[in-house]
Amino acid sequence: MREKLMQEFERIYGGTEDVRVFFAPGRVNMIGEHTDYNGGHVFPCALTIGTYAAARRNGMDTCRFYSMNFEHLGIIYADLDELVYDKEKDWANYPMGIIAKLQEAGIAVDEGMDFVFCGNIPNSSGLSSSASIEVLTAFACRELFGFEMDFVEISKLSQKAENQFIGVNCGIMDQFAIAMGKKDHAIFLDTADLSYEYAPLVLENAKIVIACSNKKRGLGDSKYNERRSECEAALALLQTKKDIKSLGELSEAEFEEIKDVIGDEVKIRRAKHAVYENQRTIRAVAALKANDVKTFGELMNASHVSLRDDYEVTGIELDTLVETAWTVEGVIGSRMTGAGFGGCTVSIVREDCVDNFIQTVGETYKNKIGYAADFYVVDIGSGPVELN
Ligand code: GLA
């Protein structure tokens, strides 16, 4: 990959002196969905697929961005003193947002850079190609300019760029999982205070299989922000009954006791999901630590049901993938992963059943939805690295 990027860099900008190549992964969340902006727990892991960038400082006051995934868009230019969101600049808004937030944090990114990006995360799949390019850009800037910023800070800055520059009110999960990824481990993160713990995710005789629905969506045009406001509205009412800072502080029983104050059936279901999903995540990690993959899988299934019925972020594509998966031999657990509204599902499948799983779920999906899903048997990788 390094060679490929270097060649492309040479072709696009001419010369590869001082060019360095960096990588940041994508992520998949095993359980704990739509809990990260509700002060709850998440359990994501970094993947070995992700985004690569060849980059150098260019001695100008302009940044140049080029992506091998969007060749038709050519080089996108952005002046250092004019880093504002611009729809015309398309995907380049992600790295632009990072540089703008670095400047805002008082870090002297006072020279332009040239970038060639190349990613192997399917776009709009829900495997966080956007958080991956954000964390990658922050990491590359840190290395090229030599300032200090640890990976937790990088993840916070990247989330800020997504919230304030791109305008998607996401939580911290994706950026954190990508910046802090560890090979063969998932991250049990408490989003209330960012305390975290790595848990080994080496599944004996089983594989993690991602099924991509190929239903395209971006978070910007999804109902993501709407779900977030619904939870905030529910929380405000619950706070009149109990002294809590987030939905993540409530147990199921505590929620049931005071939920009626929310007064609106839909908002009760949204908040219920956030509370129950958080508790499921805590239980799922405990089960995994006790080597009880069966219970972990059952909690994954319950997570999907809650996202389908109470949070309503699945849709026919994801439901077809998951509900078919549940009927296939050797499936330990299956659920949608990420924001929903399209994107991917994640399943734990017994190794000897993976081929049949892909064939059966693939066929049913194509027959029902009219186009094919893609399947990836994935490995858990580590966080950002420089490729030498
Ligand atoms: C997206 C957001 C995350 C998280 C998930 C849902 O991936 O970026 O912050 O909220 O959706 O769990």
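Predicted model: local features only at pLDDT ≥ 70, side-chain atom pairs only at ≥ 80, totals over all residues.

Colleague: With which residue does the side chain of aspartate 310 meet in a salt bridge?

Modeller: The general idea comes first. Side chains of opposite charge can pair when their charged atoms come close. In this case the side chain of aspartate 310 meets that of lysine 272, at 3.7 Å from N to O. Lysine 272 belongs to helix α8 (residues 265–289), whereas aspartate 310 is in the loop between α9 (293–309) and α10 (316–327), so the pair ties together parts that are 38 residues apart in sequence.

Colleague: Is lysine 272 buried or partly exposed?

Modeller: Lysine 272 counts as partly exposed, because its relative accessibility is 28% and buried means under 20%.

Colleague: How many salt bridges does the count come to?

Modeller: The count comes to 33 salt bridges. Some of them are linked: Lys223, Glu226, Arg227, Glu230, Glu265, Arg269, Arg270 and Glu312 form a network of salt bridges.

Colleague: Which residues meet glutamate 226 in a salt bridge?

Modeller: Lysine 223 meets the side chain of glutamate 226 at 3.5 Å, N to O. Arginine 227 also forms a salt bridge with glutamate 226, at 3.4 Å from N to O. As for accessibility, arginine 227 is buried, with a relative accessible area of 4%. Lysine 223 is partly exposed at 42%, and glutamate 226 is partly exposed at 35%.

Colleague: Where do N or O atoms of the protein lie 2.6 Å from an oxygen atom of the ligand?

Modeller: One such atom is in the side chain of glutamate 33, 2.6 Å from a ligand oxygen. Tyrosine 224 likewise has a side-chain N or O atom 2.6 Å from an oxygen atom of the ligand. In histidine 34, a backbone N or O atom is 2.6 Å from a ligand oxygen. On its own the ligand has 310 Å² of accessible area, and the protein covers 98% of it.

Note on methods:
Residues numbered from 1 in each chain as written. Heavy atoms only, no water. Polar contact = N/O pair within 3.5 Å; in protein donor to acceptor, adjacent residues only side chain to side chain. Areas by Shrake-Rupley, 256 points an atom, 1.4 Å probe, with all protein chains shown as cover. Salt bridge = Lys/Arg side-chain N within 4 Å of Asp/Glu carboxyl O. Buried < 20%, exposed > 50% of the residue type's maximum accessible area, 1.4 Å probe, protein only. Helix = DSSP H or I, 4+ residues; strand = E, 2+ residues; numbered from the N terminus.
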